[in-house]
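Thanks for coming, everyone. I'd like to walk you through a model on the screen and point out a few things along the way.

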Amino acid sequence: MKTLHVQIGKRSYPIHIGSGLHGRLPDLLREIGWSRRRPLMLVTDDQVGALYGKDVKRDLTDHGFQVGYLTIPAGESSKRLSLLEEMAGDCIRAGLDRTGAILALGGGVVGDLAGFLAASYMRGIPFVQLPTTLLAHDSSVGGKVGVNHPLGKNMIGAFHQPSMVVFDVETLHTLPEREVASGYAEVVKHALIRDVGFVRWLERQVEDLKRLDPESVSEAIWKGCAVKAEVVSQDEKESGLRAILNYGHTIGHALEAAAGYGSLTHGEAVALGMVGEAMLAEESGLCPPVSERIARLLSAFGLPTRLTLELTDEELLERMRRDKKVRKGKLTFALPRGIGRVDMVDGLEESVIRRALNRLRGGEAG
Ligand SMILES: NC(=O)c1ccc[n+]([C@@H]2O[C@H](COP(=O)([O-])OP(=O)(O)OC[C@H]3O[C@@H](n4cnc5c(N)ncnc54)[C@H](O)[C@@H]3O)[C@@H](O)[C@H]2O)c1
Ligand SMILES: O=C(O)C(=O)C[C@@H](O)[C@H](O)[C@H](O)COP(=O)(O)O
Ligand SMILES: [Zn+2]
């Protein structure tokens, strides 16, 4: 097991990464001071529940913890406010009180939803993230929790830091290929925004990473979490630096919502978004040519790098105008300045954004 930390004063917490960690959960909970008297609600989705839920619950129960069990339907369409209300109802009926806590076992959908339940249930109870997708190396760290709105991604939510993240990498072996690729989008993002050495390492390791070679994949998760933890430790609530974690997301979120939640995976949308935003940086003269190299790496992981969905510029621009980074009506992007560095940029002409979208569809550079 390897451990790193998010350092945010009283809200600091460990991120444990390793094989077979679900079996060590009772001890790890005790290490953060959770006694068996604290009632737990294990939240998972139906697919992850069928694979790992029962074992995690049994293990905790065998160690004397009281554990309730709540499952949601798998998939992005579960990240909605109406389901949160139903989940709160289940917790109330189960008698979960303010001494209780939530365990979020699953991918980013479960983590974001169960985390938001923890943030809002009885005005807030603690929670622990138990990520089971590669993508969730990102979503389980940093405390952004919430749900989607038909008009935009993650429009309703909170910052609520977990008390601990326990990533049992053994769970990744049951992950469908499409979800493995999707997870690598956020790994690549973490490399591209902060660490050119990490990018070169990914370029060399693609084949090992794709077949989930245990050492390589743990290293990738470690490096990705290290970037995320470092950024969140400096800027917990996105008053500045943290916005760089949104590289690829202005276009990505617009695509994800416009295509219909669950049609593109989050990672696929972010992959397209990163290529599109790299093209935007090039078109704006902000960086040397990088989009081809970025697209090559994403494509090697099996991710889409060209927009083939029939979505108009107007539809996408309308979505982007509702992005949470918009200030005084100005679109704001995290754009690459080169490989390993992104900066926040606003005030770009709409015509330049249209040119970048055109290139993302396979059109010529402007
Ligand atoms: N809070 C954040 O900082 C943050 C960061 C990145 C992404 N996100 C959010 O995360 C969500 C996407 O998360 P995701 O990609 O993990 O999707 P997901 O949670 O929908 O999981 C993908 C699919 O894989 C299945 N699955 C999960 N673990 C499995 C396993 N070990 N074996 C077999 N099947 C498994 C799930 O049941 C689901 O069908 C999006 O809503 C996105 O907005 C949040
Ligand atoms: O943690 C962050 O900050 C991120 O931006 C990470 C993103 O990968 C993630 O998709 C996040 O949920 C996006 O946040 P949002 O504020 O743009 O909804
Ligand atoms: Zn993301």
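This is a predicted model: local features need pLDDT of at least 70, side-chain atom pairs count only at pLDDT 80 or more; totals for chains, interfaces and linings use all residues.

Residues are numbered from 1 along each chain as its sequence is written, and chains are lettered from A and ligands numbered from 1 in the order in which they are written.

So, the domains. The chain is divided into domain 1 (2-174) and domain 2 (177-360); those bounds come from an automatic or database domain assignment. Taken over C-alpha atoms, the centres of domain 1 and domain 2 are 26 Å apart. Across the boundary, 29 residues of domain 1 are in contact with 30 residues of domain 2, where contact means that the C-beta atoms of two residues, placed from the backbone, lie within 7 Å.

Which elements supply the side of domain 1 that touches domain 2? Strand 1 (2-6), strand 2 (13-18), helix 5 and strand 8 (152-159) each supply at least two residues, and strand 1 gives the most, with four. A quick note on naming: helices (H or I, at least four residues) and strands (E, at least two) are DSSP runs, numbered from the N terminus. By class, that side of domain 1 divides into 13 nonpolar, 12 polar and four charged residues. Here Ala, Val, Leu, Ile, Met, Phe, Trp, Tyr, Cys and Pro count as nonpolar, Asp, Glu, Lys and Arg as charged, and the others, Gly among them, as polar.

On to ligand 1. There are 33 residues around ligand 1, and the closest are Q47, G107, G108, T133 and S139; to be near a molecule, a residue needs its C-beta atom, placed from the backbone, within 6 Å of it. Both domains take part: domain 1 and domain 2 each give at least three residues to this shell. Helix 2 (46-62), helix 4 (108-120), helix 5 (136-139), helix 6 and helix 10 each supply at least two, and helix 4 gives the most, with four. The shell around ligand 1 has nine nonpolar, 16 polar and eight charged residues.

Ligand 2 also has a shell with at least three residues from each of domain 1 and domain 2. Among the residues around ligand 2 are D138, K144, K153, E186, E238, R242 and K324. What is the make-up of the shell around ligand 2 by class? One nonpolar, four polar and seven charged residues.

Now the helices. Helix 6 (residues 177-194) and helix 10 (residues 266-283) have axes that come within 7 Å and cross at roughly 40°. That makes helix 6 oblique to helix 10. For the terms: axes are lines fitted to C-alpha atoms, for helices over the stretch in contact, and angles run from 0 to 180 degrees between N-to-C directions. Angles under 35 degrees count as roughly parallel, over 145 as roughly antiparallel, 65 to 115 as roughly perpendicular and the rest as oblique. On the helix 6 side, the contact includes A181, E186 and L192, and on the helix 10 side it includes H266, A271 and M274.

Helix 6 and helix 8 (residues 214-234) pack at about 55°, with their axes 9 Å apart.

Last pair: helix 10 and helix 11 (residues 291-300) pack at about 170°, with axes 9 Å apart. That makes helix 10 roughly antiparallel to helix 11. Their contact divides into eight nonpolar, one polar and one charged residue.

That's my tour, and I'm happy to go back to any part of it.
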